[in-house]
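My remarks follow as numbered points, to be read alongside the sequence and the model.

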Amino acid sequence: MPTVSMNVNGRQRSADIDPRTLLVQFLRENLRLTGTHVGCDTSQCGACVVQIDGEAVKACTVLALSCDGSNVLTIEGLANGNELHPMQEAFREHHGLQCGFCTPGMIMTAVDLVRRKGNNLDEKTIREELEGNLCRCTGYHNIVKAIAAGARNMASMPQSKAAE
Amino acid sequence: MGATGIGAAIPRKEDHRFVTGKGRYVDDINRPGQAYAFFLRSPHAHAKINSIDTKAAESAPGVVAVYTGDDIAADKVGGLICGWLIHSKDGSPMNAGPHPALAQGKVRYVGDHVAVVIADTLAQARDAAEKIEVDYEVLPAVVDLANAQSGTQIHDVAPNNVVYDWHLGDKAAVDKAFASAKHVTKLELVNNRLVPNPMEPRAAVGEYEEGTDSLVLYTTSQNPHVARLVLSAFIGLAPEHKFRVIAPDVGGGFGSKIFIYAEETVCVWAARKIRRPVKWNCDRTEAFLCDAHGRDHVTHAELATDADGKITALRVSTKANLGAYLSTFASSVPTYLYVPLLSGQYNIPAIYGEVMALYTNTAPVDAYRGAGRPEATFVIERIVEMAARELGMDPAEFRRKNFVTQFPHQTPVIMCYDTGDYDASLKKAQEIHDTAGFPSRKAQSESQGKLRGLGYSAYIEACGIAPSAAVGSLGAGVGLWESAEVRVNPIGTVEILTGSHSHGQGHETTFAQLVSDRLGIPIDNVSIVHGDTDKVQMGMGTYGSRSGAVGMSAIFKALEKVEAKAKKVAAHVLEAAEGDIEFKDGKFTVKGTDKNADWGTIALQAYIAHKFNGQELEPGLKESAFWDPTNFTFPAGVHICELEVDPATGLTTIEKWTAVDDFGNLINPMIVEGQVHGGIAQGVGQALLEGAIYNDEGQLITASFMDYCMPRAGDVPSYSVGMTTTPCPSNPLGIKGCGEAGAIASPPAVINALTNAVGHENLQMPATPERVWKAAQGARLRMAAE
């Protein structure tokens, strides 16, 4: 079995894996990082969104081997120690989650959205940009509010963290 | 109200683990030495199984075992059950066909369970399943209500595929009222078939502990105790004291995780056979094929009105598709959860409803958010809207004229509404929505070539399910009370053990708010324990918006007992008469003095037991209670949908949504509003986007998120949510329940708005752009001519 090696949440990790292993399986099963979820088989729901080299990617569509040498950030690596990332804090503050299953993917997508579109996000932009993330609980109302607030609060983050 | 007590809109305690990826769902659980199950499913909607050859699969790499229906039968594993017995008009019991966990001789829908392969890895199990050879003799299939009775018979016990032919109400009184009606409104409705689709697919890990000869099942359940009861008492896998069922964090349910399915049954049964834990995780297409679906009714309804515009009678005839097998509570949904709600918010002297439930070669249909009540609300709110239009009355005024205003109000279909103020909700909704400004907004839309419509839905539902004796008399196989245990630790922290189950509802916060409020202790000193049959003795679980009204009432009752016991301890500690002890804000005081002791001190003294005689007063501080409701609760409210249609494309855009709900007293308004938002989105999904479609051969052609249109963020608006309050008189907290209201209220609001926009009534759900475009062409021509 080939060996894959990547930096996940700041730690260098490697393993011998079946070549067909998806990134999401590698994270969940090899590394026991179970915050990245699988909600569908067709890259529609977005529960598995992580960042690869700073960009949001659905981890169910990527072979782990193709991430060899990459920097991967999952929901478990987003907070700064015990201090929540502003986007995590905003989801909590604005009740942007109910069952919590779509939440890691939503937050990872939202952080990427801020990277691409900046800190002042209007409702229309947020709704359009969430096209790849499904939530069945919240009706999206509070997710939209949370992302707008989280985006604003990310403006006051140190530049290095905000880039993540 | 304290800062964290009843009524405080505080953020949720459970959220920290969810936003950091530390939730613990069933698929996150792995047991040492576990094997993986993969189910071979029927590719045919209806077929006889002549033979199954598993030899090649058994010798494939990594395979531990392959089992079929013969193995289930040989082990005398009982079939899956339907727990509510409905009797037909003629008094005969419903025709319930056998429902084996693995097919025996016949498959009845695409996705039916034919065999299970258990292997060291999931990939090996999947690969080996392809080596199983099944000799099918394909039979004709029936897939929808139109042809359900036109051909092949699905179960031997059910001639013509009839499960039951049931009715409720006084037919003679209704016929008489119709004979003298001034006006009769008639309506044909389809309540479209839906797939619940919680974002977490179902999963199970079964485990056998050889040393104690006991079973453990981790499962995605809304009611782990009910799962244990059914798997133990009916399916017969192990007695309850040797069977632990754990439902940890569960990623949404919406009804679909109430039921006991084949997969978890097989996993836990197989774990004992192979002496290894067995894990199964559903993929999304399997969820589409095999999770119980919702709705699927075809209805003819007639409403009689008199010369004053008063409703005099309602007559409803419905056919309900229950799929290929009766799921756990399927039979109750189109009967007692449906017809008793047909009175809506209205004073209707006579109601008659008849329901024919039919088998088809499709996935089982059971409760989905609202369960029967959205179907009833769709009937009454569509026909009331239509009647108003036919009579040339304002739809809001027509409703107002017919509202129930005196309480209690006994409807002709079982329910006794305890309290409410329907006009208050309507008025408030109209104010928030600015319905007065609608004509000018409509003119504005028309000036841009768009059609604009406004639709009301004045819904009522029955929650707080339910008084045990009452549902027992209607055929329920279980009581619907709830249990609670309050364990006070020696340092005064509190654990609440509840039979309710949280899968998004936020019980860890709201239940702790009640305890914090009642005992005057910090909310962080309270933890909520649920979802484990080894910790919580018994419970009935979460569905039917019952956790607040029933689950919290049980906690309330147990807290009262704890307070009474603590006062006895405090009397000894403070050397006063028990009757002189007052308890407020976490402090015990001797009436009329400044002698006091705080909560923590008394908790400690209860366990140290130095200050009282342990023979006269038992040491410790722990109480439990069961709460059996005396009535259903009746949340009600008014939703207003305003939308714009582009007649050139058929695209519908919801411009404005107002919801005013009366849920009685609220524990956490933020969480309540969140429940409303989510419910509305599901209802908008039903009205505009979602539909489970089978082709004529019984293949589900909407079996992925690519094909089944789930509401996305861009499909729904922001919502304006308001409240009115008439506290529920039948429980100590005055709670009515809020979990399903949005999904119940919203579909008719959308369709009433759409039919208002396009100017005629012939528009079925889901109102896709194609359907809306067709419906809008008349209005488009009129607009062009003007």
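The points below cover the basis of the model, the contact between the chains, the core, and several individual elements.

1. This is a predicted model, in which local features need pLDDT of at least 70 and side-chain atom pairs count only at pLDDT 80 or more, while totals for chains, interfaces and linings use all residues. Residues are numbered from 1 along each chain as its sequence is written, and chains are lettered from A and ligands numbered from 1 in the order in which they are written.

2. The contact between the chains takes 43 residues from chain B and 43 residues from chain A, where two residues are in contact if their C-beta atoms, placed from the backbone, lie within 7 Å. On the side of chain B that touches chain A, the elements that give two or more residues are helix 1 (15–19), helix 8 (284–290) and helix 17 (669–689) of chain B; helices (H or I, at least four residues) and strands (E, at least two) are DSSP runs, numbered from the N terminus. Helix 17 of chain B provides the largest share of that side, 7 residues. By residue class, the side of chain B that touches chain A divides into 18 nonpolar, 16 polar and 9 charged, with Ala, Val, Leu, Ile, Met, Phe, Trp, Tyr, Cys and Pro counted as nonpolar, Asp, Glu, Lys and Arg as charged, and the others, Gly among them, as polar.

3. The largest nonpolar core has 313 residues, of which B:Ala37, B:Val117, B:Ile118 and B:Ile555 touch the most other members. Such a core is a set of buried Ala, Val, Leu, Ile, Met, Phe, Trp, Tyr and Cys residues joined through C-beta atoms within 7 Å, and a residue is buried if 20 or more other C-beta atoms lie within 10 Å of its own, exposed if 12 or fewer, and partly exposed in between. Helix 15 (residues 547–573) of chain B gives the largest share of this core, 14 residues, and the core also draws at least three residues from each of domain 1 (3–77) and domain 2 (86–156) of chain A. Not counting residues up to four places away in sequence, B:Ala37 touches, among others, B:Val116, B:Ile118, B:Val278 and B:Trp280.

4. For chain A, the two domains have bounds that come from an automatic or database domain assignment, and their C-alpha centres lie 21 Å apart. Their contact takes 15 residues from domain 1 of chain A and 11 residues from domain 2 of chain A. Strand 3 (49–52) and strand 4 (55–58) of chain A are the elements that give two or more residues to the domain 1 side.

5. Strand 9 (residues 203–209) of chain B is mostly covered, with 6 of its 7 residues buried. Strand 9 of chain B runs antiparallel to strand 12 (residues 278–281) of chain B, to which 4 bridges join it, and B:Ala203 has B:Asn281 as its bridge partner there. Strand 9 of chain B is also joined by 6 bridges to strand 10 (residues 214–219) of chain B, again antiparallel; two strands pair if DSSP finds at least two bridges between them. Strands 9 and 10 of chain B form a hairpin with 4 residues between them, and B:Asp213 in the turn has a positive phi of about 50 degrees.

6. Two helices deserve a check of length and burial. In helix 14 (residues 507–519) of chain B, the 13 residues should span 18 Å at 1.5 Å a residue, and the end C-alpha atoms are 17 Å apart, which agrees; the expected span is 1.5 Å times one less than the number of residues. Because 13 of its 13 residues are buried, helix 14 of chain B is largely enclosed by the rest of the structure, and B:Gly520, which follows it, has a positive phi, near 65 degrees. Helix 5 (residues 141–154) of chain A has 14 residues that should span 20 Å, and its end C-alpha atoms are 20 Å apart, which agrees. In helix 5 of chain A, 11 of the 14 residues are buried, so this helix too is largely enclosed by the rest of the structure.

7. B:Val250 lies in the loop between strand 11 (243–246) and helix 7 (262–274) of chain B, yet counts as buried because it has 28 C-beta neighbours inside 10 Å. Its C-alpha atom is separated by 8.9 Å from that of B:His501, 251 residues apart along the chain. Leaving aside neighbours within four places in sequence, the contacts of B:Val250 include A:Cys99, B:Tyr25 and B:His503.
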